[in-house]
Amino acid sequence: MSATVSFKVPTPQGPRPVTVSYARVGEGEPLVLLHGIGHHRQAWDPVVDILAAERDVIAVDLPGFGASPGLPDGLAYDLPTTNAVLSTLFETLELDRPHVAGNSLGGLLALELGREQLVRSVTALSPAGFWSEAERRYAFGVLLTMRQISRLLPLPLVQGLARTAAGRTALTSTIYARPARRSPEAVVAETLALAQATGFDATLRSGTSVRFNHDIPAIPVTVGWGTKDLLLVRRQGVRAKQLIPRARLVRLPGCGHCPMNDDPALVARVILDGSR
């Protein structure tokens, strides 16, 4: 079920209104899914039905991405603000410390929620924030190039490319190791989501100084990394394990930066095991 919810987020300037779009399906303990920068909640579609067999799954469009409008003027697209938005969302939806899984930017946000003890467990798939400066510059350069291409390509050309496996590879091989598995409709939708993401530029700017350097000692943490991740190389997973020693570090064979599409069964099992 797709829905939209509005609420007020406490800020130093006083409560500010925020609207978030999400989809909810399944029964069981709540599990919130967070996508990466420039993506939308449909990135999780390949695994949602598997997860919904055991969990109450809430896939969220982050503010300024997907169907969620941008943040009000004066609110920064930074970690403290996004944490405040997500924690208030949990309260509004009456989610009592849900499990959370995130990919890329969403993985970093999931770890931040875990650090603040706002969730029961964290599964982070290729999370941002464990990069060296050179690795960050490389990743941001790739993301900016993808964003520029998505905004320059006419929609009929995107639709034409998406109809063939070679075209889907050209459009999405940076984030998927098996891009031909993505449906033409999904590739068109996520190309448009990247082009139209109002929060993209501000989110990327706020990430230039981001480094995750905290332990999370009190809750289960799983970090998964695709062996074919071309955006955030897998040695960053080793750094994550060093910083969060109790975390379970899982290798995702044959998977790219967004592994949900590349091996849905494996990713769903990793998330469910991490939230048990």
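Predicted model: local features only at pLDDT ≥ 70, side-chain atom pairs only at ≥ 80, totals over all residues.
Q: Okay, and what share of the residues is buried?
A: Of the 276 residues in the protein chain, 57% are buried.

Q: How many helices and strands are there?
A: The protein chain contains 11 helices and 8 strands. Its radius of gyration is 17 Å, close to the 19 Å that the globule rule gives for 276 residues, so the chain is as compact as a globular protein of that length. Along the principal axes, the C-alpha trace spans about 45 × 40 × 40 Å.

Q: What about contacts between residues at least 6 apart in sequence, how many of those join residues at least 24 apart?
A: For the protein chain that share is 72% of such contacts.

Q: Switching to charges: how far apart are the mean positions of the positive and negative ones?
A: The chain has 29 positive and 24 negative charges, and their mean positions lie 6 Å apart.

Q: How many aromatic pairs does the count give?
A: The count comes to 2 aromatic pairs. One of them is formed by Phe-130 and Phe-212, a tilted pair with 5.6 Å from centre to centre and 50° between the planes.

Q: Where do Phe-130 and Phe-212 lie?
A: Phe-130 is in the loop between strand S6 (122-125) and helix H4 (133-152), while Phe-212 is in the loop between helix H8 (200-206) and strand S7 (221-226), so the pair ties together parts that are 82 residues apart in sequence. Phe-130 is buried, with a relative accessible area of 2%, and Phe-212 is likewise buried at 2%.

Q: And Trp-131 with Phe-140, what kind of aromatic pair is that?
A: Trp-131 and Phe-140 form an edge-to-face pair, with the centres 5.5 Å apart and 90° between the planes. Both Trp-131 and Phe-140 are buried.

Q: Is Ile-216 buried or exposed?
A: Ile-216 has a relative accessibility of 1%, which is under the 20% cut-off, so Ile-216 counts as buried.

Q: What does Ile-216 touch, not counting residues up to four places away?
A: Ile-216 touches Leu-111, Gly-114, Arg-115, Val-221, Ile-244 and Arg-246 once those sequence neighbours are set aside. As for Pro-245, 29 residues from Ile-216 in sequence, the C-alpha atoms of the two are 8.6 Å apart in space.

Q: New topic, Glu-190: which helix is that residue in?
A: Glu-190 belongs to helix H7, which covers residues 184-196.

Q: Is that Glu-190 buried or exposed?
A: Glu-190 is buried, with a relative accessible area of 5%.

Q: Which residues is Glu-190 in contact with, leaving aside neighbours within four places?
A: Glu-190 is in contact with Gly-38, His-39, His-40, Thr-172, Tyr-176 and Arg-182. Tyr-77 is 113 residues from Glu-190 along the chain, and the C-alpha atoms of these two are separated by 21 Å.

Key:
Residues numbered from 1 in each chain as written. Heavy atoms only, no water. Helix = DSSP H or I, 4+ residues; strand = E, 2+ residues; numbered from the N terminus. Rg over C-alpha atoms; globule rule 2.2 N^0.38 Å. Buried < 20%, exposed > 50% of the residue type's maximum accessible area, 1.4 Å probe, protein only. Contact = heavy atoms within 4.5 Å. Lys, Arg positive; Asp, Glu negative; His and termini not counted. Charge placed at Lys NZ, Arg CZ, Asp CG, Glu CD. Phe/Tyr/Trp six-rings, centres within 6.5 Å; stacked < 30°, edge-to-face > 60°.
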